Amino acid sequence: MLTQWVDGVWTNLEPFEFLGAKFDRMMGVIRLDDDSLFIYGPNRLPSELKDVLAATGEVSCFMVPSLFHDNHANDWCAAYPDAKVIAPPGLALECPEERIVRNATDALPDDLIAVTVEGMPKVHETVVYDELNKTLFVADLMFNLADAPGRTRWDKRFYKLAGFGSGGELAVSRLFRFLTKDKVAFRRSCDRILEFEIERLVVGHGAVVTVDAYEKVRDALSRFK
Ligand SMILES: [Fe+2]
């Protein structure tokens, strides 16, 4: 249910298909200084996951990372009524507005840094960098489908159509390129992200990158024109 990558960092994988192709969703879990948990990109919340999280720590904050990754946010609002909710501006949630922080950069706990990807108002994705563990969490900024288990021929074909090259390697999707309205602003956000010392990348879709993560992120973002 939770995969541990290093002390204090876990992921949860939720099976997900789009147009018949495998695009599993990844949720990030980070243990904070006070031993509570920060959740990046909440997945579906079955009772088994809730139990595992309860055994790991108290969920003190969860973040809806973009307007495209809000599927289960209302369930989390109900399940964790005392947790801080971070969500993009304009996203309607079934919880009191005073519980929601709309500006992630002002709201994150120590050791976590948020960068909102500029130039894409219809997405409004915010990535989070965990300084202590040198881990970057993104939702749809980059996909890493090459190493996703159990891929079919259709999966690979679809990845190619969606702009992930022939193998589904770490890349910015064609859809993201299409949704970028201000490429200079987007580039500025990428430069900010590349200031981080990235040893591990957790993507919203695909495998966690643990080898040459910085170089792979740099190359994927630099291919975006
Ligand atoms: Fe996504």
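These are my notebook entries on a predicted model of one protein.

**Overall build**

I began with the secondary structure and counted seven helices and 13 strands in the protein. I then looked up the radius of gyration, which is 16 Å; the globule rule gives 17 Å for 225 residues, so the protein is as compact as a globular protein of that length. The C-alpha trace spans about 45 × 40 × 30 Å along its principal axes. I noted that buried residues make up 40% of the 225 residues. I also took the contacts between residues at least 6 apart in sequence, and 52% of them join residues at least 24 apart.

Next I traced an open sheet of seven strands, in the order 1-2-5-6-7-8-9, with mixed pairing. Which strands stand at the edges? I found strand 1 (3-6) and strand 9 (100-101) there; each has a single partner strand, so one side of each has no neighbour in the sheet.

Inside this order I checked strand 6 (residues 37-40) and strand 7 (residues 59-63), which run parallel and are joined by four bridges. Phe38 stands opposite Cys61 in strand 7.

**The nonpolar core**

I looked up the largest nonpolar core and found 65 residues in it. Those with the most contacts inside this core are Ile39, Phe62, Met63, Val127, Met142 and Leu201.

I followed two of these residues. Setting aside neighbours within four places in sequence, I listed Met27, Val29, Val59, Phe62 and Met63 as the contacts of Ile39.

Val127 lies in strand 11 (residues 126-130). Is Val127 buried or exposed? I found 26 other C-beta atoms within 10 Å of Val127, and the cut-off for buried is 20 or more, so Val127 counts as buried. With neighbours within four places again left out, Val127 is in contact with Val115, Val117, Leu136, Phe137, Val138, Leu141 and Ile193. I also checked Asp140, which is 13 residues from Val127 in sequence and 9.3 Å from Val127 in space, C-alpha to C-alpha.

**Helix 7**

My last entry is on helix 7 (residues 213-222), where Ala213, Val217, Ala220 and Leu221 are buried. Looking down the helix axis, I saw that these buried residues fall within an arc of 95 degrees, so they line one face of helix 7. On the other side of helix 7, Glu215 and Ser222 are exposed.

What do the buried residues of helix 7 pack against? I found strand 12 (135-137), helix 6 (183-193) and strand 13 (200-202).

Key: Residues numbered from 1 in each chain as written. Predicted model: local features only at pLDDT ≥ 70, side-chain atom pairs only at ≥ 80, totals over all residues. Pairing = 2+ DSSP bridges. Helix = DSSP H or I, 4+ residues; strand = E, 2+ residues; numbered from the N terminus. Rg over C-alpha atoms; globule rule 2.2 N^0.38 Å. Buried ≥ 20, exposed ≤ 12 C-beta atoms within 10 Å, placed from the backbone. Contact = placed C-beta atoms within 7 Å. Core = buried A, V, L, I, M, F, W, Y, C linked by C-beta atoms within 7 Å. Arc of directions from axis to C-beta.
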